Amino acid sequence: MELSTLDYSFIIIFFSLVLGIGIYVSKKSGKDSNEFFLSGRTMPWWLLGLSMVATTFSTDTPNLVTDFVRDKGVSGNWGWWCFLLTGMLTVFVYAKLWRKSNVKTDLEFYELRYGGKPASFLRKFRAIYLGVVFNVITMSAVTLAAIKIGGIMLGLEDWQTVIGAGLITVVFSALGGFKGVVYTDFLLFFVAMSGAIGAAYYLVNIPEVGGINAMMANDLVASKMDILPDFSDTKMVITLLIIPLAVQWWSSWYPGGEPGGGGYIAQRMLAAKDENHAIGATFFFNIMHYALRPWPWILVALASLVVYPDIASISEAFPNVPADKLGHDLAYSAMLTKLPSGLLGLVLASLVAAYMSTISTQLNWGSSYIVFDFYKQQVNPDATEKQLVAVGRISTVVLMVLSAFLALAMQNAQQIFELLLLFGAGTGLIFILRWFWWRINAWTEISAMFASGILSILLKATSFGAFLFATDTGIFPDWGEIPFVMIVTTTVWLIATYATKPESDEVLRSFYKKIQPGGPGWQKVVDEAKVDNVVIDKGEKWSVPSGITAMLLGVVLVYSMMFATGYWIYGRTTDAIILSVAAIVSGVLLIITWNKMKEHIL
């Protein structure tokens, strides 16, 4: 496939703007570690919200959505749609708590909430576990998608894509720090969305597809269009709907969908001007992330079923693609090769934008863990601000190199998604409860982390997994992996919690005074403080019940908006009108609920 001068112009202009922003903010970003990783905590809600959206708009996301749609139908996306519940819970319950904590990273929280050597160990270990191991796996999935796009659209070798895409991103990330990431995310969001929408509109109307009506009339497409799974297929309903909505959203830790907030979402909440801006940023993110973005990718995925009905047809059209990189996720890149000059350049620039936004965020976030939670704690407690920034820049480069090598060995986006979900299964409930239940301690988190990690390795890397969950031959149904890990992990951490001593009164009272979480889970601490004649304000009225009400209304609002959009596209007018009305009603009720909460939350 040949790129025109116009295509190259789009890409060159985009790269120039991004590098220009990185160079422009580099001097201020290098001033100190607070600027490099949190931009001085001065960010407005709308900029942080757009940054969150741009960050989660990575090159592997359209590939993952395409994989879901082609393999399981549109309803396969419930595997990630379910995390809207997590997101809305973060908006209305946890965003204000994170901002009030005033920590530099969400791992610093451990030594605020827990005490002693276990808390110190937990903070340092998770700095490596999340900042390096999980982070490298996540970035390698994004880089794998870039490899597939480069191979299909530009005929590049794997190493050429890795070096070309990675070099500019790591230079920009090391120079600009968090401020550079957020500022460029503003640009990247609009470039990425323009490319996705433009590609969807054009590709649905190419002669091979024949327009939206002809596409939906195709038997292969018609069988994949349902937003809800076929309820006559019990296994499909359990796998695609029940487990995600009943178990997965609250029990699994997943990057960008952490129960109770965390990772780079927490980083942005911590960088907000105040609690109000932290709440606004996360709410704006969830609306844009779920209600606005999925349909352009879904439409291209459905259109790809007409042009490339199976993996063999993709292989036939692109014989140079290695066998170990073949999968349904390649169909998205394959469809993009049909774009005309100009639009092709815009879409390629949008994919580069998506790649750079996600990778730069992951690099800055992972480096913040290494700097604040490992290097400063374990290696050099007396490090100067210049040294901390230097370590941040060095670790940025190292993380990029590690993820590039791992990406070269990977094959499929959906496999990585499922592996990350399994690794975090059973830990999510701790992240939800630790703010509101005094009895949870550092050993709770340590035991859960090791239990879920060891179980996941056993299930994925040994014959134990096949023995328990192999299709047709396993002891349990193959959909039972996540519930199994969740149940075992939860049992382990509950035993560990009650088998170990609670945190000291000093730690618990200090945490309560700072955060003021309220609720019955802290009543024991408040009562004992009174007995000891220690002044500990019971705090503001407990807002969690109202927050959960607002969360549920927010979930109805966003799902209604997202599915109404789909039904308008499908031409199912009655369903679209009903869902549009549901969105309006839930939106009005949410505003009323929010106004009642304001005096207690803000």
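Author: Axes here are lines fitted to C-alpha atoms, for helices over the stretch in contact, and the angle between two of them runs from 0 to 180 degrees between N-to-C directions. The model is a predicted one. In it, helix 6 (residues 83–101) packs against helix 12 (residues 234–251) with the axes 8 Å apart and an angle of about 45°. Angles under 35 degrees would count as roughly parallel and those from 65 to 115 as roughly perpendicular; helix 6 and helix 12 are therefore oblique to each other. Their crossing is right-handed. On the side of helix 6 the contact involves F83, L85, T86 and L89, and on the side of helix 12 it involves L245, Q248 and W249. Sorted by class, five residues of this contact are nonpolar, two are polar and none is charged.

L89 leads on to Y94. Leaving aside residues up to four places away in sequence, Y94 touches L89, G260, F431, I432, W435 and F436. Y94 also belongs to the largest nonpolar core, which has 167 residues. Y94 is among the residues with the most contacts inside that core, together with V74, W81, L302, L336, W435 and Y559. Helix 27 (residues 544–570) supplies the largest share of the core, 13 residues. Another core, of 19 residues, lies apart from it and includes F14, V170, L188 and A353.

The axes of helix 4 (residues 60–72) and helix 15 (residues 294–307) come within 9 Å and cross at roughly 50°, which makes helix 4 oblique to helix 15. This crossing, too, is right-handed. T61, P62, V65, T66, V69 and R70 of helix 4 make the contact with W297, I298, A301, L302, S304 and L305 of helix 15. These residues divide into eight nonpolar, three polar and one charged.

Among the buried residues of helix 13 are Y264, Q267 and R268. V397 sits in helix 19 (residues 385–407) and is partly exposed, with a relative accessible area of 38%.

Technical notes: Residues numbered from 1 in each chain as written. Predicted model: local features only at pLDDT ≥ 70, side-chain atom pairs only at ≥ 80, totals over all residues. Heavy atoms only, no water. Helix = DSSP H or I, 4+ residues; strand = E, 2+ residues; numbered from the N terminus. Parallel < 35°, antiparallel > 145°, perpendicular 65-115°, else oblique. Left-handed = near helix turned anticlockwise from the far one by under 90°. Contact = heavy atoms within 4.5 Å. Nonpolar A, V, L, I, M, F, W, Y, C, P; charged D, E, K, R; others polar. Buried < 20%, exposed > 50% of the residue type's maximum accessible area, 1.4 Å probe, protein only. Core = buried A, V, L, I, M, F, W, Y, C linked by side-chain atoms within 4.5 Å.
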